[in-house]
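Here are my notes on the model, as numbered points. Please read them beside the coordinates.

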Amino acid sequence: MVSSVLLCPGQGTQHVGMGKDLAETFPQACRVFEEVDEALTFGLSNLMWQGPAAELTLTHNAQPAILTHTLAVYSVIGSVLGPRFGAGHSLGEYSAYAAAGALSVSDAARLVRRRGELMLEAGKARPGGMVVVLGLDIERVQELCEACSRDGKVVVPANINTTDQTVISGDPDAVTEAGTRCKDAGAKRILPLKVSGAFHSPLMEPARLGLAEELASVSLADPVFPIVANATGEPVSDAGTAADLLAEQLTSPVRWASSMQRIARDAGDEIRFVEVGPGKVLTGLVRRIVQAKESVAVGSAKDVDKFMEAA
């Protein structure tokens, strides 16, 4: 029997028009959009469908938008998908917990909206930067980040996406120096990211503290299937650990490569990874991390129909 793994995308996959076809096609998906609009007390769905893009891209809008799109798809295919494990990239970890019944749609939407606000505030208080390093192994990237962290400035690996794709994050000068050193050490490309802060680095500590308070105020249940945590790369099955690691995630690296490897080991040979929500970023990453494993992205109404027909 094939085991399914739910993958939930993170920030950067938002786009104007996202999810509109789902709401128009599937009543259960439409209800997800309505529930989020009510929880946030403004028309997020209208912003998702009509823009403007500049406003949708703002961190505190993009995060609930991506979560909403993901949960709208899952509301249609979840019973057929029947995940054995779930995982989400950064923001997507909240979508995964909501899909697993640990968070209500309303609470998840309010949490990620507040998460975005806290991250934006932390980025304004202590501006930071992020750079993608392609074609250099994580151990070497780690060494160079440590060498460039001095005089009160810090740079760390933030997203370990594959064994040779790492995003580094921290104070702008330290990030720039580390990027240059990575290039000199043999990295194929160094790509600066347009972000509002140094996410998944110690610079997000104020946001972590604020988010921990928010998480303590909501009701979390044990997920009905394990969620592999970004901060540890280990499966989580209880609400208390989930709350702790969701807060810790803001200042810890996203251990995506090791998370996918762990799932592949635990789930066995008959396994399919299903990315639910906007974009196909995680589908591409998982194909590089665990070759020969089936992976598919389901984000549009057409994708849903195709998935359900094949189920």
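How many bridges join β9 to strand β10, and do they run parallel or antiparallel? There are 5 bridges between β9 and β10 (residues 294-298), and the two strands run parallel.

1. Ground rules. This is a predicted model: local features need pLDDT of at least 70, side-chain atom pairs count only at pLDDT 80 or more, and totals for chains, interfaces and linings use all residues. Residues are numbered from 1 along each chain as its sequence is written, and side-chain values use heavy atoms, with hydrogens and water left out.

2. Overall make-up. The chain holds 14 helices and 10 strands. Both are DSSP runs numbered from the N terminus: helices are H or I with at least four residues, strands are E with at least two. The C-alpha trace spans about 55 × 45 × 35 Å along its principal axes.

3. Size check. The radius of gyration is 19 Å, which agrees with the value near 19 Å for a compact globule of 311 residues. It is taken over C-alpha atoms, and the globule rule is 2.2 Å times the number of residues to the power 0.38.

4. Burial and contacts. Of the 311 residues, 57% count as buried. Buried means under 20% relative accessible area, exposed over 50%, and partly exposed in between (1.4 Å probe, protein chains only). Take the contacts between residues at least 6 apart in sequence: 75% join residues at least 24 apart. A contact means heavy atoms within 4.5 Å.

5. Surface and charge. The chain exposes about 12600 Å², and carbon and sulfur atoms supply 50% of that area. Areas come from the Shrake-Rupley method with a 1.4 Å probe; for residues, only the protein chains shown count as cover. There are 28 positive and 37 negative side chains, with the centres of the two sets 6 Å apart. Lys and Arg count as positive, Asp and Glu as negative; His and the chain ends are not counted. Each charge is placed at NZ of Lys, CZ of Arg, CG of Asp or CD of Glu.

6. Strand β9. Pairing requires at least two DSSP bridges between the strands. L7 stands opposite E275. In β10, S295 is the bridge partner of F273.

7. Strands β4 and β5. Strand β4 (residues 155-162) is largely enclosed by the rest of the structure, because 8 of its 8 residues are buried. It runs antiparallel to β5 (residues 165-170), with 6 bridges joining the two. A hairpin of 2 residues connects them. V156 stands opposite S169 in β5.

8. Q63. This residue is in helix α5 (residues 59-81). Q63 is buried, at a relative accessible area of 0%. Beyond its neighbours within four places in sequence, Q63 is in contact with Q11, L91, V112, R115, G116 and M119.

9. A185. Look in the loop between α9 (172-184) and β6 (189-192). A185 is partly exposed, with a relative accessible area of 31%. Leaving aside neighbours within four places in sequence, A185 is in contact with L136, R140 and L144. L144 is 41 residues away along the chain, and the C-alpha atoms of A185 and L144 are separated by 9.1 Å.
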